[in-house]
Amino acid sequence: MNEHLEQLEPRPLWCHFRTLCNTPRPSGHEAVLVATLEQWADAQGLAHDRDAFGNLRLRKPATPGHEGSPGVILQAHLDMVAQANADHPHDFTRDPIQTRIGDDGWLRATDTTLGADNGLGVAAALAILEDDTLVHGPLEALFTLEEETSMGGALNLAEGWLAGRLLLNLDSEDRGEVYIGCAGGADVVVEAQLPTAPIAEEEVVMRLAVTGLRGGHSGMDIHKGPGNANRLLVRVLRALERCEVRLVDYHGGTLRNALPREAFATLALPADQREAAMERVAALEAELRAELVGVDDGLALMLSLADHAAGEALTAQTSHLLAAALHAAPCGVERMSSEVSGVVETSNNLGVVGLEAGRFYLCALVRSLRDSATADLADRFTALFELIGARVRVENAYPGWTPQPGSDLLERFRRRHRETMGGDPAVKVIHAGLECGILGGKYPQLEMISFGPLIRGAHSPDERVEIASVAEFWTLLRGLVEDLARQEVSD
């Protein structure tokens, strides 16, 4: 599978990426890949170990004569976001990713996420370890687990384990840019058992669907104004309250860190309101498409008859309260940074919403460059949903990464970038949860930067990577590792 990847350059990197594509690795299911990498390390004569959480470290001693160079940690996460188009059956725990090379110079997957985030970072680190022609100081490759779902690997990383003092995070997605800071975040989980009542004989059951949205990364794409399927479906529910609708079930979004592309609800409503509801949805589709023109042109709303089966729906009052709470919940950009131009400071993604047999579930992801703002927005969620009697908990909180614009590592990267790429990189702060903030909290002595190839559509089936940018990324990484060894010795 994916043999064509080995025809790309640099071949060592793409060969490792092929292994990653052929080895299923959604968050929480990285064990097979870890074992595969350990076997590879044994064959290469590299030392390897795991911490108590299962994070994997591979080590390679310095090139002779460079033992005194600063230790360099190459860091990436092993897991990938598991998203597939609704009409494409794919078991991310068993099926390999099917990649395809486009005529436009981009690599994509067929109807699923590609896993370039962060598979290309992992592949690059492995290729560095494999390169016996490279001059380098002491090297560690740190591969963390469950980054995409909870930052669990970084949060539970063993302290006092890593030896290096320079960390290269290989989890960024823009050519010509280097990141020196990132947002922190927290999951807000809401649960409630809500009262229901039987569906009456005079009621009809209908299926409401919001589809066709682009989705994307809930941090890096949120400022672009894309549609959020959960937000839009709730707007429709609010508009249909005049038709006396009651919620039977609801399923929207699949991951708290991916902008939801689709949402579905089953409704019970009086039979004589059916035509009015159909007309209202048709009118709303036109309104919402006009709002999203040029941003999310694929939006589609559909209301259709469903099989009428005996069952339960939320009471009319509870349906109203739940829709009102969801409508009032923070969603999207909350505040732009006053210190870093063009960067989102605080945001929230209504990522996953579910209702089944009266059991309500919501998982949102709050992000901010300021930890205090993360806590405050999470508290607003808590205050809102406690008003309808829901239980709210805030979990998986992780700190932001405070920029160090004067670091020696950054200056060395800039110098190498000028020599390799012909110009200075843009120095950025990202509104996303890189692991650097957590790692810096556990290892305060670390100097860190983050860079990578050009990836677009991460966390969605539109994910793609520009092939030429991978070669540039490799040249830059390889040169930087060599530069750090040689320049430090001569200093």
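Guide: Start with Asn-396, which lies in strand β21 (residues 391-398). The model is predicted.

Visitor: What value does phi of Asn-396 have?

Guide: General idea first. Most residues other than glycine have a negative phi, and most peptide bonds are trans. Now the case. Asn-396 is not a glycine, yet phi is positive, about 55°. Its relative accessible area is 28%, so Asn-396 is partly exposed.

Visitor: Which phi does Glu-146 show?

Guide: Glu-146 has a phi near 55°, again positive in a residue other than glycine. Glu-146 sits in the loop between β6 (139-144) and α4 (152-155). Relative accessibility is 23%, so Glu-146 counts as partly exposed.

Visitor: And the peptide bonds? Which residues does a cis bond join?

Guide: Check omega. Glu-9 and Pro-10 are joined by a cis peptide bond, with omega about 5°. Pro-10 belongs to the segment before α1 (11-22). Asp-117 and Asn-118 are also linked by a cis bond, omega about 5°. Asn-118 is placed in helix α3 (residues 116-130).

Visitor: What does Leu-107 touch?

Guide: Set aside neighbours within four places in sequence. The contacts of Leu-107 then include Leu-5, Trp-14, Phe-17, Leu-114, Val-465 and Ile-467. Leu-5 is 102 residues from Leu-107 along the chain, and their C-alpha atoms are 9.3 Å apart.

Visitor: Is Val-293 buried or exposed?

Guide: Val-293 has a relative accessible area of 58%, so Val-293 is exposed. Val-293 is in the loop between α6 (274-291) and β16 (300-305). Take Arg-261 as a reference point. Arg-261 is 32 residues from Val-293 along the chain, with 16 Å between the C-alpha atoms.

Visitor: Thr-63 is in a loop too. Is Thr-63 buried or exposed?

Guide: Apply the cut-off. Thr-63 has 18% relative accessibility, so Thr-63 counts as buried. The loop runs between β2 (56-60) and β3 (72-77). Beyond four places in sequence, Thr-63 touches Leu-134, Val-135 and His-136.

Visitor: What about Leu-155? Where is Leu-155 found?

Guide: Leu-155 is in helix α4. Its relative accessible area is 26%, so Leu-155 is partly exposed. Now look at contacts outside four places in sequence. Leu-155 touches Ser-150, Asn-396, Ala-397, Tyr-398, Ile-438 and Lys-442. Leu-155 and Lys-442 are 287 residues apart in sequence, but 8.8 Å apart in space, C-alpha to C-alpha.

Visitor: How do I find the inside? Which residues of the largest nonpolar core touch the most other members?

Guide: Look for buried nonpolar residues joined through their side chains. The largest core has 62 residues. Trp-14, Phe-17, Phe-143, Leu-168, Ile-449, Phe-451 and Leu-477 touch the most other members. Helix α3 gives this core its largest share, 10 residues. Another core, of 52 residues, lies apart, and includes Leu-194, Ala-265, Ala-325 and Leu-362.

Visitor: What is Ile-449 in contact with?

Guide: Leave out neighbours within four places again. Ile-449 is in contact with Leu-167, Leu-168, Val-178, Ile-180, Trp-401, Phe-413 and Leu-480, among others. Asn-169 and Tyr-179 are also in the list.

Visitor: Now the whole chain. How many helices and strands are there?

Guide: The protein has 11 helices and 25 strands. Its radius of gyration is 24 Å, close to the 23 Å from the globule rule for 491 residues, so the protein is as compact as a globular protein of that length. The C-alpha trace spans about 85 × 45 × 40 Å along its principal axes.

Visitor: How many of the residues are buried?

Guide: Buried residues are 58% of the 491. Residues 24 or more positions apart account for 79% of them.

Visitor: Last, the surface and the charges. What should I read there?

Guide: Accessible surface is about 19,000 Å², and 48% of it belongs to carbon and sulfur atoms. For charges, compare mean positions. The protein has 43 positive and 72 negative charges, and their mean positions are 3 Å apart.

Definitions and conventions:
Residues numbered from 1 in each chain as written. Predicted model: local features only at pLDDT ≥ 70, side-chain atom pairs only at ≥ 80, totals over all residues. Heavy atoms only, no water. Helix = DSSP H or I, 4+ residues; strand = E, 2+ residues; numbered from the N terminus. Rg over C-alpha atoms; globule rule 2.2 N^0.38 Å. Buried < 20%, exposed > 50% of the residue type's maximum accessible area, 1.4 Å probe, protein only. Contact = heavy atoms within 4.5 Å. Areas by Shrake-Rupley, 256 points an atom, 1.4 Å probe, with all protein chains shown as cover. Lys, Arg positive; Asp, Glu negative; His and termini not counted. Charge placed at Lys NZ, Arg CZ, Asp CG, Glu CD. Core = buried A, V, L, I, M, F, W, Y, C linked by side-chain atoms within 4.5 Å.
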